[in-house]
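Thanks for coming. I have one structure to go through today, so please look at the screen.

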Amino acid sequence: MLGLYEKDGLGLSQYAYEESNEESYWETLDADLRYWTRSLRQVQWYPGHIAKTEKELKEQLRLMDVVIEIRDARIPLSTSHPKMDSWLGNRRRIIVLNREDMISTEDRNAWATYFANQGTKVIFANGQLGMGTMKLGRMAKSVASGVNTKRKEKGLLPRPVRAGIVGYPNVGKSSLINRLLKRRMCPAAPRPGVTRELKWVRFGTDLELLDSPGILPMRISDQTAAIKLAICDDIGERSYDFPDVAAILVQMLIRHPAVGPEAFQRRYRIDVDNDCGKMFVTKLSIHLFNGDTSQAAFRILSDYRKGKFGWVALERPPT
Ligand SMILES: Nc1nc2c(ncn2[C@@H]2O[C@H](COP(=O)(O)OP(=O)(O)OP(=O)(O)O)[C@@H](O)[C@H]2O)c(=O)[nH]1
Ligand SMILES: [Mg+2]
C-alpha cells in the first residue's frame, strides 16, 4: 500500500489511490485473517438438531424440483456449505444473497458481477422487509416449469413445484418464506438455531416450500470462515469467545477502506493507537464496562451487526 508521501510523489489522483487501497485490502485480507486466527481456540458448532435433521434434509432434497440456497450477503463464501454441490447433483439451484440491506452498493455490484460471470442465478433479498421475495417465487416456478411440461406430455395433471430452502443458521430462511407468504408460518428470530425441524408450507396453488434448520459442516476446517460466521451471528454464540472474535473484527474494520480507525474513535471516543484489536477491546472494557472484556466485545460485535460502522460486507469475490 502506498503511504501518503509516495502518493504525492507519484502524483496519483485521490481516486486512484482509494481504488488501490481498496484492492489491496481485499487482496491481503485472507492472509491476514489466517495469521490472526492461527492461535485461537477452534470455533465449532454442531448441535443435536442439526445432526438429526441433516440426514432427513439430504433425503428430502432428492424430491426437490429446485433448491433455493440462502446465503448471508456479508459473507457469501463462508455461508456456502462445502457439501452442497454434491447433495444437489444436477438439481436446479437458485442462490439468494439475503440481508442485502447490510452491505454496500459496491459489495453488491461485485457479487452480482461474480455470479453473472459464473452463469449462476442469484437474487438479492431482504427477509425482514420482503424485497426480492416475489422475484424469488417467480424464478423458482419458472426454473422448475419443466416438471409440469413432462407431466402434461404423459397425460398427468400439473402439480405444485417443490422448492427446498436451505442454508446456514440465521441467514434468514424462515423470514424469507414468511415474507413471500405474507404470513408468519415459520418461526424466525435473531439467533442461530431457531428452526429445528423440516416444515412444508404451500404458496398459492403452484408452489410448495420446505423450510429447514440451518446446516453447518460437522467440522469447520476453515477457521477464518468460522470467525466470520461468529461476527455475523450465523453460528451459536457458545462456540466462540467474544473478545477473540471482536478483536479480529476491529482489526478487519480499522483496515477497511470504508471504515477505518476514525469510525471507532467517533463511536467510542477512544483512539485506536495501534493495530491490535485485543488492545482496543481491553481499552473499551475499561472505559465503559468496568474491565469486563466480554461485554465490551459484545458491544463491538452488536454495533457491527447493527451497521454502526456502516453497512459493509466482510467478503468480496475471489479475483
Ligand atoms: N436486516 C435484515 N434482517 C434480516 C433479514 N432477513 C432476516 N433477518 C432477520 O434475521 C433474523 C433471523 O432470521 P430467520 O428467518 O430466523 O433465519 P433462519 O435462517 O431461518 O435461521 P435458523 O432457523 O436459525 O437457521 C430475524 O430476526 C430476521 O428478522 C434481512 O434481509 N435483513
Ligand atoms: Mg429458520
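In this predicted model, the secondary structure comes to 13 helices and 6 strands. Along the principal axes, the C-alpha trace spans about 75 × 45 × 35 Å. Of the 319 residues, 36% are buried. If you take contacts with a separation of 6 or more, 70% of them come from residues 24 or more positions apart.

Now the domains. The domain assignment gives two entries: domain 1 is 28–44 + 220–306, and domain 2 is 49–211. Their centres, taken over C-alpha atoms, are 30 Å apart. Domain 1 puts 9 residues into the contact, and domain 2 puts in 12 residues. On the domain 1 side, those residues are 5 nonpolar, 1 polar and 3 charged.

Next, one helix. H5 covers residues 105–118, which is 14 residues. At 1.5 Å a residue the helix should span 20 Å, and its end C-alpha atoms are 20 Å apart, so the two agree. After H5 comes Gly119, with a positive phi near 75°.

Where is Asp271 found? Asp271 sits in the loop between helix H11 (261–268) and helix H12 (277–288). Is Asp271 buried or exposed? It counts as exposed, because it has 12 C-beta neighbours inside 10 Å, and the cut-off for exposed is 12 or fewer. Ser78 lies 193 residues from Asp271 along the chain, and their C-alpha atoms are separated by 31 Å.

That is what I have.

Conventions. Residues are numbered from 1 along each chain as its sequence is written. Chains are lettered from A and ligands numbered from 1 in the order in which they are written. This is a predicted model: local features need pLDDT of at least 70, side-chain atom pairs count only at pLDDT 80 or more; totals for chains, interfaces and linings use all residues. Helices (H or I, at least four residues) and strands (E, at least two) are DSSP runs, numbered from the N terminus. The expected span of a helix is 1.5 Å times one less than its number of residues. A residue is buried if 20 or more other C-beta atoms lie within 10 Å of its own, exposed if 12 or fewer, and partly exposed in between; C-beta atoms are placed from the backbone. Domain bounds come from an automatic or database domain assignment. Two residues are in contact if their C-beta atoms, placed from the backbone, lie within 7 Å. Ala, Val, Leu, Ile, Met, Phe, Trp, Tyr, Cys and Pro count as nonpolar, Asp, Glu, Lys and Arg as charged, and the others, Gly among them, as polar.
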